[in-house]
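Please examine the model shown below, together with its sequence.

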Amino acid sequence: MTNIILTGDRPTGKLHLGHYVGSLKNRVAMQGDPENELFIMVADMQALTDNAKNPEKVYSNVLQVALDYLAVGLDPARTTMFIQSQIPELSELTMYFLNLVSVGRVRRNPTVKSEIEQKGFGDSVPTGFFIYPVSQASDITAFKANLVPVGEDQKPMLEQTQEIVQSFNNTYGEVLVNPKGVFPDKGMGRLPGIDGNGKMSKSLGNGIYLSDSEETVAKKVMSMYTDPNHIHVEDPGQVEGNMVFTYLDVFGKDKEKIEELKAHYRRGGLGDVKIKRYLIEVLEEELNPIRTRREEFAKDPEQVMLMLKEGSEKAQAVAAQTLAEVKKAMGIAYFS
Ligand code: TRP
């Protein structure tokens, strides 16, 4: 059985190590399985729902996100990478889906609810933002995706999509595919930021980016949150909640060495600078090839945009086919 897999990212900034361990790595692995057909979408329309007055932030990051995709090894020969706004069928589908969802139902979406609170929108919430879970249902169903790998915070979007699929199919006939969310393993989903405050995120400014230079990575690691009570090298230190060890657990390959370092740190006599130097080495092993590929692709942005154009054309053909079936089922395919 082939899987049709769809996922996407809002182009509001470059991608960081949290994206890498939480999803990008997994996408590359899925791409390697010939049973899988992958669609990866740069969700610029969704990014515009709360950046309408700042479109430059959105369109300038489309290229940056595409560069991150290519840098980690997503391959346009095997994975269709495309830009959401270039597929008008997605918006058309959204209009029909909106009729199947009540205002009360959208209001109950816990992720949107907390985003509205966080952003202090209140009643001034843009309507497009308010209904983005419905638009996301179009993104997923237009490709008849059966698997949608996303973060925990996207669970409500999957539930909303499943409800829309059920409602549509019950009302108009079996056209849409019911998708399953694929969520990261416990632990992997939420890489904390270098300050140890919550997850790595752009808005908290606690990220290490795939595009960061070696010097920047080193500087960030040197500023990492460790154990505030580990003042002198000879003091016993704490490993739990110490970001250097958290990252070593995630990125380190030499598990034996890491266990030895932990024991030494707990006993005392192992300084922060030493473990940080080791972490820099470990991260560089992972980041160096990514950075090199990224720089290579960044030399030819037109080529990257062409890749997205071709991906968008391929994606549009698929979405158009689904939309034709949708309109036929609804009885509004008047002229075909
Ligand atoms: N909401 C997703 C995020 O913020 C991005 C997204 C848009 C998406 N459409 C999608 C993810 C469809 C999966 C499927 O990360």
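H16 is buried, as its relative accessible area is 5%; buried means under 20% relative accessible area, exposed over 50%, and partly exposed in between, with a 1.4 Å probe and protein chains only. This residue is found in the loop between β1 and α1 (17–31). Helices (H or I, at least four residues) and strands (E, at least two) are DSSP runs, numbered from the N terminus. The structure is a predicted model, in which local features need pLDDT of at least 70 and side-chain atom pairs count only at pLDDT 80 or more, while totals for chains, interfaces and linings use all residues. Residues are numbered from 1 along each chain as its sequence is written, and side-chain values use heavy atoms, with hydrogens and water left out.

The side chain of H16 reaches the backbone nitrogen of G18 at 3.0 Å. Contact means heavy atoms within 4.5 Å. Not counting residues up to four places away in sequence, H16 touches M200, S201, K202, I208, Y209 and L210.

## G18 in helix α1

G18 is found in helix α1 and is buried, with a relative accessible area of 14%. Which residues does G18 contact, leaving aside its neighbours within four places in sequence? They are S23, L191 and M200. From C-alpha to C-alpha, G18 and G193 are 8.1 Å apart in space, although 175 residues separate them in sequence.

## The ligand and its pocket

The space taken by the ligand is the largest pocket. On a 1 Å grid over the protein atoms alone, a pocket is an open set of points with protein on both sides within 12 Å along at least five of seven lines, whereas a cavity is a set of points where a 1.4 Å probe fits but cannot get out; lining residues have an atom within 4 Å of a point. A molecule sits in either one if more than half of its atoms lie within 2 Å of its grid points. The elements that give two or more residues to the shell around the ligand are β1 (3–9) and α8 (132–141).

Of the 13 residues around the ligand, M41, Q46, Q136, D139 and Q154 come nearest; a residue is near a molecule or strand if one of its heavy atoms lies within 4 Å of it. A polar side-chain atom of Q46 lies 2.7 Å from a nitrogen atom of the ligand. For Q154, the distance from a polar side-chain atom to a ligand nitrogen atom is 2.9 Å. An N or O atom in the side chain of Q136 is 3.1 Å from a nitrogen atom of the ligand. Taken alone, the ligand exposes 370 Å², and the protein buries 89% of that; accessible areas come from the Shrake-Rupley method with a 1.4 Å probe, and for residues only the protein chains shown count as cover.

## M157 in helix α9

M157 is placed in helix α9 (residues 155–172). Its relative accessibility is 0%, so M157 counts as buried. Leaving aside neighbours within four places in sequence, M157 is in contact with N109, T111, V112, Y132, P133 and Q136.

## E286 in helix α13

E286 lies in helix α13 (residues 272–298), and it counts as buried because its relative accessibility is 13%. The side chain of E286 makes a polar contact with the side chain of Y20 (2.8 Å). A polar contact is a pair of N or O atoms within 3.5 Å; within protein, one must be able to donate a hydrogen and the other to accept it, and residues adjacent in sequence count only if both atoms are side-chain atoms.
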